[in-house]
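Please look through the sequence and the model shown below.

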Amino acid sequence: MGYSMRPRVIDLHSAPKVPLFDSELIKKYSGNGPRYTSYPTAAQFDSHYTSDDYIIAAQRSNELIIPSDLSLYVHIPFCDTICYYCACNKIVTKNRARAEKYLDYLIRELHMHAELYDGDRRVVQLHFGGGTPTFLSDVQFKRIMREIDSAFTLTCGSDRDFSIEIDPRSVTPSRIGQLADLGFNRFSLGVQDIDLNVQRAINRIQPLVQTHAIVDACRKSNASSINIDLIYGLPRQTETTFSQTLQMVTHELRPDRLSVFNYAHMPERFKTQRQIDELDLPGPDQKLRILEQVITTLTDAGYIHIGMDHFALPKDALCSALNDHTLHRNFQGYTTHSKCDLIGLGVSAIGKVGSDFYQNEKRLDDYYSALDRTSDHNSAFAIERGLKMSDEDLVRAEIIQELSCYFSFSPIDVESRFGINFKQSFAWEVDQLEKLSKDGLVEHEHGEWRVTAKGRLLIRNICAVFDEYQQPATSSGFSRLI
């Protein structure tokens, strides 16, 4: 069963939309922690969760008085070149034929899922991620989209949000038009950095003119939104070089959205990062100066800080969702639909149906083997692990969602929605908020806890107050908080 807070209207003009950079506070609260694309985080998933549990969750979701709309995530794991910084689940290969076998299994899986859901439940969100989704050929894309359309009810309404991650090196402008013809109306382009010296260090040569051509093609296809991903903290990056990247991106490319991620160097976990010379990485102080530069440049260029790493122009749907209280944060970052059941398809994909999370097998051979076990008498999905949220999880998840999306939450709303005494249930957390308040990160006014402009950049720390699983001893597997 899902819950949601009482709808509130966020005034974009009065809300503290510009983070206040305080290097000393950032250093004080430095450390590792989750990005809170879910709560509980994927680190809490375990193998006790099975396909049978998921089937029950899907059936239960159909029985709600008003079932949720659906969101589909499709993972395409293949890349034809390796980017040294990448921490995604990927398979580097030049063999395009491997995608054909993968599609055979993916199509089998999506029809298995579709059989669980009532046909009148609309798919309002569709996202292709990777890897490099455009590793697929035009013929293969037509095939998978045809199968998705036959298995699910894809909406044609104005609220449709069908997005795809694009490597500008892997497509031509004409392919963008073909993707638009298939129904995609939002494009997310990986850029990371425009400086050639940095590109060489991360094994991703991508001339600005190439990216510009793809951005123009997206606009000509009447894309409802264009996002560009950047990363700060990459090897050979300096304040000067990244300033030039920011200026070119905000003035020449002018995407509707920008995601500016902190590079997490974790070579012990991600083998490809071992190709990076650690001596080339900017030091902690330099990295903070680059971050400060990001905040200043983007806000001066007219972008609104949505939260964490995300920025958007005021006309973008993310800003409308923020104002309408329909903003949501999940495994794809910030989205504009807050009440969807998410069905994850493909190797390593994560889904959330009602209060259940599941994740598919992370190795390709295991994914294939799991689906091969399927028969008429045993719908053995490719699920490797998952989690059923407890009542306690549901309360904490709502508070973390409110904080990460709206930088505030109301204890009165929590009490009303969940039938608890907030001060008694969260006495330790209130004490921690009081300590954060002394540093000027949060304030308690008019019955609400609100994140200050100074606290916006430390929102992951503030969310962590309500994470009962997060302990210093278990945080080393996560990226740096900032």
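A residue is called buried when its relative accessible area is under 20%, exposed when it is over 50%, and partly exposed in between, with a 1.4 Å probe and protein chains only. Asp 53, at 15% relative accessibility, therefore counts as buried.

This is a predicted model, in which local features need pLDDT of at least 70 and side-chain atom pairs count only at pLDDT 80 or more, while totals for chains, interfaces and linings use all residues. Residues are numbered from 1 along each chain as its sequence is written, and side-chain values use heavy atoms, with hydrogens and water left out.

The predictor's confidence in each residue, from 0 to 100, is its pLDDT. The mean pLDDT of the protein chain is 92, and 93% of the residues reach 70 or more. Over residues 1-14, pLDDT stays under 50. For this stretch the model has 34 contacts (heavy atoms within 4.5 Å) beyond four places in sequence.

Side chains of opposite charge can pair when their charged atoms come close. A salt bridge here is a side-chain nitrogen of Lys or Arg within 4 Å of a carboxyl oxygen of Asp or Glu. The structure holds 27 salt bridges. One of them joins Asp 53 to Lys 388, with 3.2 Å between the closest N and O atoms. This pair links distant parts of the chain, 335 residues apart: Asp 53 is in helix α2 (residues 51-62) and Lys 388 in strand β17 (residues 383-388). Such elements are DSSP runs numbered from the N terminus, helices being H or I of at least four residues and strands E of at least two.

Another salt bridge is formed by the side chains of Arg 186 and Asp 161, at 3.0 Å from N to O. Arg 186 belongs to strand β7 (residues 186-192) and Asp 161 to strand β6 (residues 161-166), 25 residues apart. Arg 186 is buried at 13% relative accessibility, and Asp 161 is buried at 7%.

What is the accessibility of Arg 236? Arg 236 is partly exposed, with a relative accessible area of 33%. Its side chain meets that of Asp 280 in a salt bridge of 3.6 Å, N to O. Arg 236 lies in the loop between β8 (225-232) and α8 (239-253), and Asp 280 in the loop between β9 (257-262) and α9 (284-300), so the pair ties together parts that are 44 residues apart in sequence. Asp 280 is also partly exposed, at 26% relative accessibility. Elsewhere, salt bridges link Asp 69, Arg 122 and Asp 159 in a network.

The backbone comes next. Most residues other than glycine have a negative phi, and most peptide bonds are trans. Tyr 39 and Pro 40 are joined by a cis peptide bond, with omega about -5°; Pro 40 is in the loop between α1 (23-28) and α2. A cis peptide bond also joins Gly 130 and Gly 131, with omega about 20°. Gly 131 is in the loop between β4 and α4.

Thr 132 is found in the loop between β4 (122-130) and α4 (138-151). Thr 132 is buried, with a relative accessible area of 11%. Apart from neighbours within four places in sequence, its contacts include Ile 76, Phe 78 and Asp 167.

Phe 407, not a glycine, has a positive phi of about 55°. Phe 407 lies in the loop between α12 (391-406) and β18 (408-409) and is buried at 6% relative accessibility. His 446 has a positive phi of about 50° and is not a glycine either. His 446 sits in the loop between β19 (442-445) and β20 (448-451) and is exposed, with a relative accessible area of 73%.
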